[in-house]
Amino acid sequence: MKKKRIAIFASGTGSNANAIIEYFKTNNSVEICLIASNKADAGVLNIAEKHNISTLVFSREEFKNADFLQHLKSVDLVVLAGFLWLIPEYLVKAFSNKIINIHPALLPKYGGKGMYGRNVHQAVFDNRETETGITIHWVNEHYDKGTIICQEKVTLSDTDTPETIQRKVHQLEHEYFPKTIERIICSQ
Ligand code: GRF
């Protein structure tokens, strides 16, 4: 059987990318074929190197141009794991129902432009939420608006800070993102 190929887009430290790579290491039918980033110094690129995975660093101009698709030949699923740019229309069309994103909160709350990383956890903290979580969703041309695939929750207490909230959310991400990707790619 042909291996399913996953490309991960990320621009941060890449702890999610790492969890995904580790999860699929022993799975012979899935391959992480590419780690793509818009940041030449993103930590995720070191993770890719460590695991001998091809990398791609690209500019906004390159990303906006449909020629970019040449880098995604025979990719079955694009996974956004800490990638902040809006996905251009040509890419959403070419990869219809083949791009997923993870958001570090329970959408539709705390979503949209500017709601990323620490900002999200600070806002959850400021609003004294009693729970937060993660949302894995399909990607369309709008920030955080695609159909939700799944959400997982975690309880917050009075002693939580933006830092501990972030840690709790990361734990959920690392546990559920790889499993969800497996479920999606196996049903394709
Ligand atoms: C994660 O919290 C993810 O939900 C968001 O960006 C963060 C990336 O973290 N989209 P990491 O680089 O995988 O550690």
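Here's a quick briefing on the ligand site, a salt bridge and some backbone details in this structure.

The model is predicted, so to speak of local features pLDDT must be at least 70, side-chain atom pairs count only at pLDDT 80 or more, and totals for chains, interfaces and linings use all residues. Residues are numbered from 1 along each chain as its sequence is written, and side-chain values use heavy atoms, with hydrogens and water left out.

**Around the ligand**

- A backbone N or O atom of Asn 16 lies 2.8 Å from a ligand oxygen, and one of Ile 102 lies 3.0 Å from a ligand nitrogen.
- The side chain of His 170 has an N or O atom 3.0 Å from an oxygen of the ligand.
- On its own the ligand exposes 370 Å², and the protein buries 87% of that (Shrake-Rupley method, 1.4 Å probe).

**Salt bridges**

- The count comes to 8 salt bridges, each being a side-chain nitrogen of Lys or Arg within 4 Å of a carboxyl oxygen of Asp or Glu.
- Arg 5 pairs with Glu 31, with their closest N and O atoms 3.7 Å apart.
- This pair links distant parts of the chain, 26 residues apart: Arg 5 is in strand β1 (residues 4-9) and Glu 31 in strand β2 (residues 30-37).

**Backbone details**

- Most residues other than glycine have a negative phi, and most peptide bonds are trans.
- The peptide bond from Leu 107 to Pro 108 is cis, with omega near 10°.
- Pro 108 lies in the loop between β5 and α5 (117-126).
- Tyr 110 lies in the loop between β5 and α5, and its phi is positive, near 55°.

Notes:
Polar contact = N/O pair within 3.5 Å; in protein donor to acceptor, adjacent residues only side chain to side chain. Helix = DSSP H or I, 4+ residues; strand = E, 2+ residues; numbered from the N terminus.
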